[in-house]
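Visitor: Please show me the model. I would like to go through its salt bridges.

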Amino acid sequence: MAESDSFFSNKSAKIFVAGHRGLVGSAIVRKLQSLDFTNIVVRTHADLDLTRQSDVESFFAAEKPQYVVLAAAKVGGIHANNTYPADFISINLQIQTNVIDSSYRHGVKKILFLGSSCIYPKFAPQPIPENALLSGPLEPTNEWYAVAKIAGIKMCQAYRIQHGFDAISAMPTNLYGPNDNFHPENSHVLPALMRRFHKAKVEGAKEVVVWGTGSPLREFLHVDDLADAVVFLMGNYSGLEHVNVGSGKEVSIKELAELVKEVVGFQGELVWDTSKPDGTPRKLMDSSMLASLGWNAKISLKHGLVDTYKWYLENVKQ
């Protein structure tokens with residue numbers, strides 16, 4: 001493919017990875033380095049505030065990157081989304097508007113915008129296809145973030161239609177891996193379970209209580225698989241439609257908890273508090289479009305959990 005030739009053939013092309021310290025951005029930097037890309041540009045928030053239009057404009061004018069991966073975003077769980085709705089909509093709109101527009105104005109060859117599976121309606125068909133976007137009301141607890149991300153997809157499409165700008169979007173499922181957030185209050189289900197089982201093991205606790213029945217089905221993708229998909233799309237995809245990125249494999253919360261328990265080595269009991277809510281019964285992405293392009297996830301959940309727990313032990317203050 002001519003597309004593939006242009007991205008993969010020039011390993012010294014300047015690539016700006018926005019959000020390089022996060023779960024996703026750090027994995028993308030690792031992936032590019034493993035493929036011998038030698039000119040990766042990163043900036044910390046202290047060095048470049050992506051919400052400030054003039055600063056972003058100056059950065060692009062000075063650096064002139066050829067490729068951009070936009071992994072910078074304000075993210076958080078249900079509690080954070082409910083508490084700071086203004087931050088979630090305004091900060092994300094500012095970041096993506098500034099970066100996408102400056103990329104176009106300063107001659108970037110291609111940009112990839114990263115979103116999230118929460119862009120889809122609360123009652124989307126399962127598995128969720130790309131065309132479910134804007135087909136129904138959003139999940140109220142994260143609609144501020146979702147609306148911003150939908151605007152990002154539409155902005156990429158609009159710049160492609162009006163300016164012929166090669167802007168693409170990828171929407172990953174639930175992610176986990178090195179550099180995940182293991183905060184006691186606002187981490188997602190997988191790192192939260194890992195932290196709790198580890199704490200219980202260290203303290204010699206007899207049991208760990210988990211909310212709900214354990215029956216909801218969820219899909220998880222190791223962040224290194226996502227990074228692999230992002231680089232694949234940079235080289236092999238150039239279309240108007242956003243692309244779902246998932247593992248295609250579902251696991252019940254009960255199976256997940258048992259697996260995390262095994263990986264951590266907690267010997268006690270697992271107790272389900274069925275008085276607590278379960279949440280959405282099923283949330284699976286339809287990633288057949290990406291599969292048809294020639295990409296599939298490679299890292300099994302068990303292998304990914306072992307890798308993540310190793311990172312947790314080495315990097316998270318106990």
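Guide: Helices (H or I, at least four residues) and strands (E, at least two) are DSSP runs, numbered from the N terminus. This is a predicted model, in which local features need pLDDT of at least 70, side-chain atom pairs count only at pLDDT 80 or more, and totals for chains, interfaces and linings use all residues. Residues are numbered from 1 along each chain as its sequence is written, and side-chain values use heavy atoms, with hydrogens and water left out.

Visitor: How many salt bridges are there?
Guide: A salt bridge is a side-chain nitrogen of Lys or Arg within 4 Å of a carboxyl oxygen of Asp or Glu. By this rule the count is 16.

Visitor: Which helix holds both D101 and R105?
Guide: Their side chains form a salt bridge, 2.7 Å from N to O. The two residues are 4 apart, about one turn of the helix, and that helix is α5 (residues 85-105).

Visitor: Is R105 buried or exposed?
Guide: Buried means under 20% relative accessible area, exposed over 50%, and partly exposed in between (1.4 Å probe, protein chains only). D101 has 11% and is buried. R105 has 54%, so R105 is exposed.

Visitor: How many residues apart in sequence are the parts tied together by K110 and D166?
Guide: The side chains of K110 and D166 meet in a salt bridge at 3.8 Å, N to O. K110 lies in strand β4 (residues 110-114) and D166 in the loop between α6 (143-163) and β5 (167-172), so the parts they tie together are 56 residues apart.
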